[in-house]
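Work through the exercises below with the model open. Each task is followed by a stepwise solution.

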Amino acid sequence: MATRPLILISNDDGVQAQGIGVLTRLMTLLGDVYVVAPDSARSGASCAITPIIPVRLKQIQSRGPQIFSCTGTPVDCVKLALEKVVPRQPDLVVSGINHGDNASVSLHYSGTVGVILEACMKGVPAIAFSLRTRQQRCDFSPYEDTILEVARYVLENGLPQDVCLNVNFPQVERLAGVRVCRQARGNWHQEWLETDERGAYCLTGNFENLEPEADDTDYWALDHDMAAITPMQLDMTYYPQIDVLKTLQK
């Protein structure tokens with residue numbers, strides 16, 4: 001009998017978040033599932049690791065999906081899972097479903113995206129799923145078919161080396177479609193709210209889409225009630241500048 005795909009799941013909202021529970025249920029339809037996720041929310045952790053303080057791992061479910069909580073960051077979870085938890089290299093790593101979109105420049109701050117970047121560095125195909133909402137209790141049913149379709153595609157076809165997928169959903173009762181698109185140019189401003197007169201601030205902010213009319217971006221897709229699938233790559237080299245800068249070589 002053929003071996004079922006092995007799927008590793010993590011997130012940055014914490015192991016008890018609703019989104020990761022939905023994602024776990026869906027992935028059990030496709031393979032054998034291991035979940036290693038932070039013991040509480042680590043939103044905004046990006047690719048942070050824990051280099052000094054010991055990180056603890058605790059198994060909280062051993063029947064069905066194997067579920068572990070971790071005191072570290074989302075990237076710590078992936079590193080620990082790949083080295084200490086899963087019985088072999090996973091066929092797929094999925095992250096989310098995040099409560100809050102990770103489109104445009106927000107992906108750089110996201111622990112949800114940090115999970116798939118770490119998996120990608122380890123040579124494992126990976127997908128991040130996020131929903132444009134800050135509500136902690138959501139109806140994820142409109143997105144389940146797309147999640148399964150994208151995951152099946154990657155399991156069957158793989159992804160190029162050093163490439164992963166960032167998938168964002170609008171909060172709608174019915175998706176208007178699915179777009180494969182690029183990351184929008186954008187910026188956050190008015191990012192700090194003063195909470196008292198003693199110099200205490202809370203991170204907040206307003207996002208500005210710098211190209212709202214461009215119809216090939218993730219933000220355009222979300223604004224038009226479509227799921228946005230954005231392929232991302234690890235290599236951040238800007239190749240056209242290499243020859244320009246060669247005058248600095250010695």
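**Exercise 1: Two packed helices**

H2 and H3 pack with their axes 8 Å apart, at an angle of about 30 degrees. Axes are lines fitted to C-alpha atoms, for helices over the stretch in contact, and angles run from 0 to 180 degrees between N-to-C directions. This is a predicted model: local features need pLDDT of at least 70, side-chain atom pairs count only at pLDDT 80 or more, and totals for chains, interfaces and linings use all residues. Residues are numbered from 1 along each chain as its sequence is written, and side-chain values use heavy atoms, without hydrogens and water.

Task: classify how H2 and H3 are oriented to each other, and list the residues of H2 and H3 that meet.

Step 1. Angles under 35 degrees count as roughly parallel, over 145 as roughly antiparallel, 65 to 115 as roughly perpendicular and the rest as oblique. H2 and H3 are therefore roughly parallel to each other.

Step 2. From H2, Pro 74, Val 75, Val 78 and Lys 79 take part; they meet Gly 111, Gly 114, Val 115, Glu 118 and Ala 119 of H3. Contact means heavy atoms within 4.5 Å.

Step 3. Sorted by class, the contact of H2 with H3 has five nonpolar, two polar and two charged residues. Ala, Val, Leu, Ile, Met, Phe, Trp, Tyr, Cys and Pro count as nonpolar, Asp, Glu, Lys and Arg as charged, and the others, Gly among them, as polar.

**Exercise 2: The covered side of H2**

Task: find which residues of H2 are buried and what covers them.

Step 1. H2 spans residues 74–85; Pro 74, Val 75, Asp 76, Cys 77, Val 78, Ala 81 and Val 85 are buried. Buried means under 20% relative accessible area, exposed over 50%, partly exposed in between (1.4 Å probe, protein chains only).

Step 2. The cover includes strands E1 (6–10), E2 (32–38), E3 (57–61) and E4 (66–70), and helix H3 (111–121). Helices (H or I, at least four residues) and strands (E, at least two) are DSSP runs, numbered from the N terminus.
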